[in-house]
Structure formats: C-alpha cells, structure tokens
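Here are a few exercises to work through with the model open beside you. Try each task before reading its solution.

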2 protein chains.
Amino acid sequence: MNQELIRPILTVDIVVLTLHEQRVHVVVQKRDKPPHAGHFALIGGYVRPEEDVSTAAAAARVLRDKAGLTARLLEQLMTFSGTERDPRGWSASVAYYGLLPYQDVAQQVRRNLKMLPLDRATGLPFDHDTIVSKALERCRRRAAYSSLPAFLLPIAFTQSALRHAYEAVLGRALNDSAFRRKIDELRVIEPLAGNVSKATARPAQLYRLGRGHIVEFDRTV
Amino acid sequence: MNQELIRPILTVDIVVLTLHEQRVHVVVQKRDKPPHAGHFALIGGYVRPEEDVSTAAAAARVLRDKAGLTARLLEQLMTFSGTERDPRGWSASVAYYGLLPYQDVAQQVRRNLKMLPLDRATGLPFDHDTIVSKALERCRRRAAYSSLPAFLLPIAFTQSALRHAYEAVLGRALNDSAFRRKIDELRVIEPLAGNVSKATARPAQLYRLGRGHIVEFDRTV
DNA sequence: ACCACTTACTAGCAAATTGCAAATAACAAG
DNA sequence: CTTGTTATTTGCAATTTGCTAGTAAGTGGT
C-alpha cells in the first residue's frame, strides 16, 4: 500500500538458562545504557542486518559480544511486539533461549552478569518477565520429550546429574530407576569408556549425548 | 552503537490450515503484486505499527483483509529472517499458523484462495516451503498433547470427526476405542445435549470443546 | 417385516509401560 | 571391618494402552 512503511526497531533478547545447585537460573546483565540503565535485564541488542545473516546469528553475536557466552543450545522462542514493551515506542524483539552449563557462566561473571533462581527472576524491565515465563514454559514442554535438559550440563555427566537436570526443568521429581530405564531405551546418551565421576560416595559412570544436537523422542520421559 | 540503525522490513505470514476429506490442507493465495506476482503463496503482509498493536494483531488483520478469514486458533510459529528469503533484501517475517474449519475457507474461495493438500504444498515462493514445514512440525508436536486439532473442525463435531482430525495432523492412525477412552478421561469435550449428527449410518452424538481456547494435557493422546 | 450393511459406541482382556521397593555394588570415613 | 552414602540393577504391582469382539442404531433393498 504505502511506500513509506514504518519500519519498527528489531532486537533480540536471550533468556540464558543454566543449572546451579539443582535449580534452573536465568542469567541477567546490568544495562549500561537507557532505558533502564543500571537495572538487570535479559541480555539483548539490536539486529544488524548488515552483519547478521539472521536473527539467530544476531542472538549468538549479542550473547558472545555482550556477555562472552556461547550457548550449547540456542533456540528461538518467539517474537514479542507492540508499544507497551519498550518506552521508545513500537518495537519487536525476537526472543531466544540459550542453555549452557554453570561453569561457562561462572567464568564470565565479570561482565555485570548475575544468575537468578527462578523465584527471584521477576521484576525485570521491559516485558522481560513475560519473555522469561514463556521461555520456561517452552523449555518445560520441550524437556518432556527431548534431550533439552542435557544442554544445561557439561559435556560429561552422570545419569544422576541428567535426572536432576530433567527434574529442575520439569519442576517435578522423577523416579530414579524408571528414568535410567527410559534414558537407556531412548539411546540418547553413551558411556564415556572408563570415565567415572568421583564426586559422590560410589563413583558414577560418565556419559555424553549420543548426538551433538537436541533430539526429540516419540515417547515422553 | 550506531544511531542510524538499519531497520529491516517486518512482515507477517500465516499458514492457514484446514481439513478436507480427512486431510490437512494449506490455504494459499495468488499474489497480485511482485515479487512473485501471479504465484500462489502464503497469505501475508506488512506489519503496520501505527495500526497493529502487535504482530498477532497484524496477522489477524492481514488474514481478515486479504482473505476474509478469521482463524479459530491463531498462534505464533516463529520468525524467519535473512537475505535469502526475499529478493528485496534482508527481511524478517513473523509466521503464524491459523486453524479453521473447511466451511470457513470454502466461503471465501473467491479471493484467489486455493487449498493444497500437504503433498502438493511445495514449490511455494520465498521461504514459504520452510515456513509450512515448520508449521506442520509444530502442529504435529502440539497435537500430541493438546486440543489443537479440534480447531480444524466446526463448533459441533462427532468423536469420529475429532479422531480423524487428530489422525490427519499427527499423520498416523489412532485406535478408535482407546481414543474415545482418552478423550473422555481428559474431559476436553462436552456433549451437546440431544444433538446428533445423521451424516453416517448410525447417528452420532455431537460434542463441542469444553473450553473455547486450546488446552494442553499432561498426558499424550 | 426382515435382512444385509455401515458406522457408533462399549466391554474385556492381553501386552506394554511405569511406579515402587528391595537387593546389590562401590567407595569414603571412622 | 563397620557404617553411611550414592550408584545401579532387578522384580513385581499398578496403570495405561492396544486389540478384538460385541452390541446399538440407523439406512436401503427385497
């Protein structure tokens, strides 16, 4: 219709999730520029069409440049838009969620980063509360039929650690033996020959994901 | 960083799905303007921040104005972006999928609309093949644990019709008696007192969704 | 009126899956 | 060598699912 179309601001926001003390945490960063300068918010930034081949690339770049992080799993959540979310006017933000092990975040805490357990991840600026809640909802759903929670762990992990990751994301306890049986039947992990973790009373076998990327199951965990 | 940020074109595309002869169909529309004028593509259009409160509103508006359709269920799929998808350069399109009963589409076939069964919904312009395939993937997943397929049907439907809708979306046959049992246990539909369909040999009880909106189950269908 | 045919709907049991609890294993600490 | 703790396996009960047959309620034909 009209040639001079209003082109809204396009940004990306990333809900970085990790596991700490058996609980899911959201990583937030102190903003250094207005609006909401000085407040902690989701890691985000502008999409730069001239340098980002896609919004996914923009998300990865922002995560790397602003927080020094690289997610083990980075998936698009959805796009949030409207006039309400940003005081600068109508805007659209493509939200992503990124999963990575605690150690990766701990290394970068210098960069104004903070990890919030879920119950304290509220009161964020913009519509970031909504984005976080949608991200968790999606992850919970997806965790029920995929290897998603494994991306919160280091490459090598024990079955117990994996179960705790599932429990943390799903928000409910799982039966130990039933979980082992299922994970075994689904063939998603493979033992790391000879490697055992000595963190607990009895040493535990270490495993890694069979495939580097997320896999979806036919059944539910 | 830079004050003069490039703002990419923002559009919406809607994957309209319906059920015809027990199969899922994608509704496409003949484009009247370049690029790809004269070719059938997904229904889509520009987001107009001055008139659309959100991209969801834009999707509903485009669907209504360009095709005269109102989806019974309209949910955001994801955003597609990059230089490859549109010859006009870097663009971003927020894709939605909309479900509605066949009758609603049949009424509007005047508007250059066409319904394609899934196996013939290929060779679409832009990245619309990808969008369609992602939409179907999402719907398949979601159908397994929600009332999504019911939105492909008229308000009143029989249990057989509902099963056929699930089968069409899931792409596999379901056991009749097990399906009835499950739907009954999940309490998603309620009988329309006294109303029966006489379309088949033995008249069948008509039902409607218990809730107007989509519901997600704990279990899988 | 009776019969064959079709689809709706119900019932019952076998097979598969899941939940639970006990048994066993491997180590650390005292 | 005993106690304590976590890992891992095993066996069975409880639940869920798949399947098959039976009954119900119409239509259309003879």
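**Exercise 1: the largest pocket**

Around the largest pocket there are 47 lining residues, and Arg138(A), Arg141(A), Tyr145(A), Arg141(B) and Tyr145(B) lie nearest its centre. This is a predicted model, in which local features need pLDDT of at least 70 and side-chain atom pairs pLDDT 80 or more, while totals for chains, interfaces and linings use all residues. Residues are numbered from 1 along each chain as its sequence is written, chains are lettered from A in the order in which they are written, and side-chain values use heavy atoms, without hydrogens and water.

Task: find the volume of the largest pocket and sort its lining by class.

Solution. 
- Start with the term: on a 1 Å grid over the protein atoms alone, a pocket is an open set of points with protein on both sides within 12 Å along at least five of seven lines, a cavity is a set where a 1.4 Å probe fits but cannot get out, and lining residues have an atom within 4 Å of a point.
- Next, the volume, meaning the space filled by probe spheres set on the points, is about 1,700 Å³.
- Finally, the lining has 19 nonpolar, six polar and 22 charged residues; Asp, Glu, Lys and Arg count as charged, Ala, Val, Leu, Ile, Met, Phe, Trp, Tyr, Cys and Pro as nonpolar, and the others, Gly among them, as polar.

**Exercise 2: the largest cavity**

Task: work out which helix gives the most to the lining of the largest cavity.

Solution. 
- The whole structure has three cavities of 30 Å³ or more, and the largest has a volume of about 80 Å³.
- Its lining includes Leu17(B), Cys139(B), Arg140(B) and Val169(B).
- H3(B) gives the most, with three residues; helices are DSSP runs of H or I with at least four residues, numbered from the N terminus, and strands are runs of E with at least two.
- By class, the lining has ten nonpolar residues, no polar ones and one charged.

**Exercise 3: DNA strand D**

Task: identify side chains that contact base nitrogens of DNA strand D.

Solution. 
- Look for polar contacts, pairs of N or O atoms within 3.5 Å: a side-chain N or O atom of Arg202(A) is 2.7 Å from a base nitrogen, and one of Ser177(B) is 2.9 Å from a base nitrogen.
- Arg181(B) also has a polar side-chain atom 3.0 Å from a base nitrogen.

How values were computed
Polar contact = N/O pair within 3.5 Å; in protein donor to acceptor, adjacent residues only side chain to side chain.
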